[in-house]
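Good morning, and thank you for coming. Please keep the sequence and the structure in view while I speak.

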Amino acid sequence: MAASPALAVTPAASPILEMRGITKAFPGVKALDNVTLAVRAGEIHAVCGENGAGKSTLMKVLSGVYPAGSYDGSILFDGEERRFSGIPDSEALGIIIIHQELALVPLLSIAENIFLGNEAASRFGVIDWPVVMARTRDLLARVGLDEAPETLVTDLGVGKQQLVEIAKALSKRVRLLILDEPTASLNEGDSAALLTLLEAFREQGITSILISHKLNEIARVADSVTILRDGASVETLPRAAMLGPDGRLDEDRIIKGMVGRDLAHRYPPREGVAIGEPLLEVTGWSVRHPLHPGRLAVEDVSLTVRRGEVVGMAGLLGAGRTEFAMSLFGGAYGQRVAGEARLRGQPTDLGSVEKAIRAGLAYATEDRKGYGLVLHEDIRTNVSLANLPGVAAKGVIDEDRERAVAERYRERLRIRSSGIDQVTVNLSGGNQQKVVLSKWLFADPDVLILDEPTRGIDVGAKYEIYAIINDLARQGKGVLIISSEMPELLGMCDRILVMNRGRIVGELSADEASQEAIMRAIVTSGG
Amino acid sequence: MSDTATPATAPRPAAFAGFNPKAFTGSLRDYGMILCLVGIVIFFQFFTDGALLRPLNLTNLVLQNSYIVVMALGMLLVIVAGHIDLSVGSTAGFIGALAAVLMVQMGLHPLFATLLCLVAGGLIGAAQGWWVAYLRIPSFIVTLAGMLVFKGLTLALLAGQSVGPFPPDFQKLSSGFIPDIVTGGSLRITSVLVGVALALILVGSNLRRRLGQQRQGFTPEPMATFALKNALVAAVIVAFSTWLATYRGLPNVLIVMFALILLYRFVTSRTVIGRRVYALGGNEKAAKLSGINTERLTFLTFVNMGVLAALAGLIFAARLNTATPKAGLGFELDVIAACFIGGASASGGVGKVTGAVVGALIMGVMNNGMSILGIGIDYQQVIKGLVLLGAVSIDQYYRKR
C-alpha cells in the first residue's frame, strides 16, 4: 500500500455520515434501491456513476429536498439518526450542497450573494454593511478569491462564481460540503485550483463529497470512492483499492463499475478512413469583441478541415474557440471584421445561420439547454427544427414524414426515451446531446463543429458519441471538435489546433500531440 | 411498489404501441377547457331560464364576440412568440375611425376602404414589430406606447365626435346574414346546409389524416374515442347552425370568423412558419442557431396582429354602425385574457388556437350571461378577473404535476 498523504490524515476516523439502505421510488421508476454510503470524517469522498445512476437523487435525499418519510432507509450524521424535513434542517447541521447549476443572483454583488437569506442585519432588518463586507473579505481570502466584495457576480467567470458559492457555504459553518460536478464547466486551471482548495479544506477538518465524472480528479484528491449504477451502490473503494499496481488510478476498474461492462477502449478506433480534399477552409478570420470595442475576440484564425478528418481545437476557457465557431456559423457571435471561408473549395457567404446551414455547415452548441434544444418540446420537434423544409412540402409539414425521420435518428443514435413524443427536458444529458446531434445530422451538413460534445455526459454515453463522430468521418464528413478535455481530443482527433487569446498558437499532429505539448503551446504563446 | 419499474421497461403489448400517456393528459387539459366552457354555458342557461341559448341571444353572442376571437388569433401567435401586444384595442378603434373617415366623410367605396384599412393595420403592426424585433425594445413597452399613440390618433381623427352611419354594404359585414336561396318557411335552409357541409368537411379531413397515420403504422387514438369525438363535434356544428337558422340564419361574420379559426389552426399546427413561431417562443437562441430568422419572424407576427386588429376594428365599427372615440377601449384585456385562459404561457412557446378561441368564448358567454342576469358592469369585471386568475392557476397546477 502506497503511503498516501490523504490516508495519513485520518486513518480510521469514524463515519461522519452514514446513509443506510436508502430506497426512493418515483411513479414507475425506482431511482434508488437500497443504497449505502458511508463517509468518514475529514475525508474527500468521491461519488461517481453514469447520468441517471441516482447520484443527484441521493444528494437530494441527504439534503432534505426529499423529506424524511418520502424514502426508505436511514441517515446517520454524527452517529445520530436524522430526519430532515427540508433544506434548512440539513443546513443547520452544516450539510451544504453546491449544485452544478450555480444558484447566484448575477446582478447582486459577491457580498450580497454570500449573505443572501442569511443577512447580517439588525432586528429591524437593516443590514450592517461594514460587518458584511469584512466577513466577505475573510471568506474570500479563505477560498483564495482576490475580488472586491462589491463586485457583481455577473462580472466574474464561472470558475470564480464557483468560489463565491463555496464562500457562501463556508459562511454557513459547513461541516460536510457536497459538490455536484463542480468542474463540469471549468477549464483545467480553475479545476485544479478548486481541487487544491478541497485539499486545504480537508486539512481544516471539513469533509467533502465530490460528485464527478472526471477520473483524473478522483485520482488526484479522493480518499475513497463510491460507485453507483442504476440506482444501486456497486461498491466503495478506499484509496488503496482505487490504485492499480503502478500506483496510478485503476480507471478501468472504476469505469467497469460505472457502466457494468468493460469498455475495451475509452475511444473507439477509427481505422482506414481516408482523409480527402479540404471541405472547410478558413483564412484570416477576425471577429470584433461585442462588449469591448476595439478588441478582437478572434484574431486572424486560419484552418482547414478535410473530408473524413476529425480536427480538434484545444484551449483554455475563454480562448475564443466558441466565439470563432459561432462567428463562422452565420455570424451568431460578434461582428466579423476580416476573413474568408471556403466550403468544398468555393468561396461561401456565411452571412446568416440559414446560409451557413444551406452551405453545409452545422454547429452543435456547448450549451445544450440554453442554445441547443427547445426543452419543453418533444424529440420529434427538436430533431426537425434545423431542417423543417426537409419534412415539408410547400410550407406544410408532413407530420408522418417528420415522425419517420425522428424515429430513424432515435434508433440510429440510440436515444433512450419512451418515444419520439417525449419532452426533451426529461432526458439525461447524454440523450439530450444525441437529440442535438440528430438535429444536425438531419440537416445533412458536410462539416460539423461540435462544441464540447461530451460535457456533463457519463462515460457510457461519451463512448456512443465518439462512435457517432467516427461514423461521420467514415461517411466523408469533416468534424471540428472543440473540447476542454484534452484526453478526449488526444483520443479522437487526427490533428489538434491550439487556441489562446483568440489566436491559433499551435498545430499538432496526432503523433506529436500530448497534454504537455498542448499546455506548452498555450503557455509559451504568452500574451 | 418494488416492481413498478419492471413493466415500464418491458416491451409494451402491440395494442398499446404508439399510445403515449403524456399526449393523453395533454389532450385532457384541452378538453378540460372545453368542459369548463360547457359548464359555464349550462350554468347561465339554467339561471337565465333558457335565455342564453335562444337563437336571438346566440346570434348576439356571436356578433358581440367575433372581434375578440379574431384578435385572439393574432394575439395567440404574438404570445407564443414570447411577446405581448397591448395596443390592439387602440388599433382596432383607430381603424374603425379611419374606416368612418374614408367611407362616410370621403365617400370611398366600402370594399376599397376596407382593403385600405387592413393595409393600415398591417403597417401599424409593422411599425411596432420593427421596434420589437430589430431594436429589441420589450414588446410590453413598445405596444404600451402604441396604445397611447393610437388612442390619441383616434380622438384626433374623429375630432372627438362619433362619425356614422356607414354605407349599408359595409354594415353587412357585421349585421348581415348569409342569404337564403330557398325562401319561405321559418327555417333558413342554406344556413342548415352550410352547417352540415362544414361538419362533413371537418370529419372527412380528420378521417383522412387518421387513415394516413395508420398507413404509416401509427395508431394515434382508439377508433371509439376518435368516432365519439368527431360525432360530437359534427353534432354540435349541425345543431348550432340549425338552431341559428330558426332565427335569421348564420351571420356573415360567423363565416369569416370560422374560416379564420380554421386557417390559423392549420398555420399553427401544420406549417413550417407556425412551427418556427413555437420554436422562437420556446427558446429563441436555439431557434436562431437552427437557422431561423427570428427577427423577421417576430416582425411578421406583429404585422399579422395588426391586420387582425384592423379587421376586428372594422367588424366592431360595422356592428355599431358608427365610429366612436371610445371604440376598442379595453379590448386588449379581453383578448389577452382569452389567450391565457386558453392555456397559452406567458413565457412563450406554448398555446393553441383552439384554446384561445375557447378562452374567448368563455369570456364572451360570461359577459353575456351576467348581463342577462342583470349583474352590473362593476361586479362583472371583478368576476372576470377572478376567473382569469383561477383558470391560469389551475392550468399551472396541472402543468407542474
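Predicted model: local features only at pLDDT ≥ 70, side-chain atom pairs only at ≥ 80, totals over all residues.

Domain 1 of chain A and domain 3 of chain A bury about 1000 Å² between them, and carbon and sulfur atoms account for 58% of that area.

How many residues of each domain take part? Domain 1 of chain A contributes 12 residues, and these are in contact with 12 residues of domain 3 of chain A. Between domain 1 and domain 3 of chain A there are zero salt bridges. The count of residue pairs in polar contact between these two domains, with both residues at pLDDT 80 or more, is also zero. On the side of domain 1 of chain A that touches domain 3 of chain A, the largest share comes from helix H10 of chain A, residues 251-259, which gives three residues. By class, that side of domain 1 has four nonpolar, four polar and four charged residues. The C-alpha centres of domain 1 and domain 3 of chain A are 35 Å apart.

Domain 1 of chain A covers 5-94 + 175-259, domain 2 covers 102-173, domain 3 covers 278-360 + 445-524, and domain 4 covers 379-438.

I turn now to the contact between the two chains. Chain A supplies 40 residues and chain B supplies 33 residues. The area buried between chain A and chain B is about 2900 Å², with 57% of it from carbon and sulfur atoms.

Which side chains form the salt bridge between the chains? They are those of Arg275(B) and Glu402(A), at 2.5 Å from N to O. The count between chain A and chain B is one salt bridge. Eight residue pairs, both members at pLDDT 80 or more, are in polar contact across the interface of chain A and chain B. Several elements of chain A give two or more residues to the side that touches chain B, among them strand S2 (29-40), helix H14 (379-384), helix H15 (399-412) and helix H16 (429-442). By class, this side of chain A has 19 nonpolar, 10 polar and 11 charged residues.

Please look next at Ser384(A), which lies in helix H14 of chain A. Is Ser384(A) buried or exposed? Ser384(A) is buried, because its relative accessible area is 1%, under the cut-off of 20%. Leaving aside residues up to four places away in sequence, Ser384(A) touches Val391(A), Glu402(A), Phe442(A) and Arg275(B). Two of these names, Glu402(A) and Arg275(B), are the partners in the salt bridge. The side chains of Ser384(A) and Glu402(A) are joined by a polar contact of 2.6 Å. Their C-alpha atoms are separated by 6.9 Å, although the two residues are 18 residues apart along the chain.

Ser74(A) counts as buried because its relative accessibility is 17%. Not counting residues up to four places away in sequence, Ser74(A) touches Glu18(A), Met19(A), Arg20(A), Ile22(A) and Glu81(A).

Finally, helix H2 of chain A, residues 55-63, is mostly covered, with seven of its nine residues buried. The buried residues of H2(A) include Leu58(A), Met59(A), Val61(A) and Leu62(A). After H2(A) comes Gly64(A), which has a positive phi, near 90°.

Definitions and conventions:
Residues numbered from 1 in each chain as written. Chains lettered and ligands numbered in written order. Heavy atoms only, no water. Contact = heavy atoms within 4.5 Å. Buried area = accessible area lost by both parts, 1.4 Å probe. Salt bridge = Lys/Arg side-chain N within 4 Å of Asp/Glu carboxyl O. Polar contact = N/O pair within 3.5 Å; in protein donor to acceptor, adjacent residues only side chain to side chain. Helix = DSSP H or I, 4+ residues; strand = E, 2+ residues; numbered from the N terminus. Nonpolar A, V, L, I, M, F, W, Y, C, P; charged D, E, K, R; others polar. Buried < 20%, exposed > 50% of the residue type's maximum accessible area, 1.4 Å probe, protein only. Domains from an automatic or database assignment.
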